[in-house]
Every structure is written in structure tokens, then in C-alpha cells.
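Please examine the sequence and the model shown here before reading on.

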Amino acid sequence: MHFTTLTAEEYASATRHSSRLFLAQLPEYGQWRTEQGDTVDYVGVREGSELRGVALITYQPWKKLFTRAIITLSLIHISEPTRPLYIS
């Protein structure tokens, strides 16, 4: 697995079929933050050619001297079991 930079279009495509997104995960939110003057990055986690997760990173000014990063992660595919395994 490795991190990769995504375009806004790749991020939008990856989140298009997700049924549960918060406001800060929406592609439109990233576009709006860009229009407000904030820096926005789109990143993903790939395993081979498959995209496993994406994140929208928004950089906002903080206390005049600093910039803070706000990261919202969206998982696309989980390859491990989602229910507990029991050993008897």
C-alpha cells in the first residue's frame, strides 16, 4: 500500500458511490474551500491499482502565524473481515 496524490476529479469519482459522507468529505466542500482561498489536497491509499481510501486535506490559517491541516478520511474498501472472529 502507498499514498498517492489525487486530482479533484479522481476524488469525486472515488466518493461518488459512497452512501455516507460528512459535509467535510464532499467534493463540493473541497471546491468551496478552494474558492474561499484555502489550500486543499486530495490524497488516496492504493494497493496495487485499487484505490482503498481517500482523504480531503484542508489547510487553514491558524493564529496568524500557523497553518493547520484538517483531514477527512473516507474508506472505500476494507479487505479484512468486518465482524468478529470467534475461536471455539
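The model described here is predicted. Together with Leu65 and Phe66, Trp62 makes a nonpolar surface patch of about 370 Å². Of these residues, Phe66 is found in strand S4, which covers residues 66-75.

**Aromatic pairs**

The model contains three aromatic pairs. Two of them are set out below.

| Aromatic pair | Centre to centre | Between the planes | Class |
|---|---|---|---|
| Tyr11 and Tyr42 | 5.0 Å | 40° | tilted |
| Trp62 and Phe66 | 5.9 Å | 50° | tilted |

Tyr11 belongs to helix H1 and Tyr42 to strand S2, so their pair ties together parts that are 31 residues apart in sequence. Both Tyr11 and Tyr42 are buried.

**Strands**

Strand S2 (residues 39-47) is joined to strand S1 (residues 2-6) by five bridges, and these two strands run antiparallel. Within this pairing, Thr4 has Gly44 of S2 as its bridge partner. S2 also pairs with strand S3 (residues 50-62), again in the antiparallel sense, over nine bridges. Here Val43 stands opposite Ala55 in S3. S2 and S3 form a hairpin with two residues between them. In the turn, Gly48 has a positive phi of about 65°. As a general point, the side chains of a regular strand alternate between the two faces of the sheet.

Leaving aside residues up to four places away in sequence, Thr15 touches Leu21, Pro27 and Val54. Thr15 and Ala55 are 40 residues apart in sequence, yet their C-alpha atoms are 9.8 Å apart in space. Ala55 is the residue of S3 that stands opposite Val43.

Arg33 lies in helix H2, which spans residues 27-35. With a relative accessibility of 14%, Arg33 also counts as buried, because this value is under 20%. Beyond residues up to four places away in sequence, Arg33 touches Asp38, Val40, Thr58 and Gln60.

Technical notes
Residues are numbered from 1 along each chain as its sequence is written. This is a predicted model: local features need pLDDT of at least 70, side-chain atom pairs count only at pLDDT 80 or more; totals for chains, interfaces and linings use all residues. Side-chain values use heavy atoms; hydrogens and water are left out. Two strands pair if DSSP finds at least two bridges between them. Helices (H or I, at least four residues) and strands (E, at least two) are DSSP runs, numbered from the N terminus. Patches are made of residues with over 30% relative accessible area and no salt bridge: like charges are joined within 9 Å, nonpolar side chains (Val, Leu, Ile, Met, Phe, Trp, Tyr) within 5 Å. Accessible areas come from the Shrake-Rupley method with a 1.4 Å probe; for residues, only the protein chains shown count as cover. A salt bridge is a side-chain nitrogen of Lys or Arg within 4 Å of a carboxyl oxygen of Asp or Glu. Buried means under 20% relative accessible area, exposed over 50%, partly exposed in between (1.4 Å probe, protein chains only). Contact means heavy atoms within 4.5 Å. Rings of Phe, Tyr and Trp (its six-membered ring) pair if their centres lie within 6.5 Å; planes under 30 degrees apart count as stacked, over 60 as edge-to-face and the rest as tilted.
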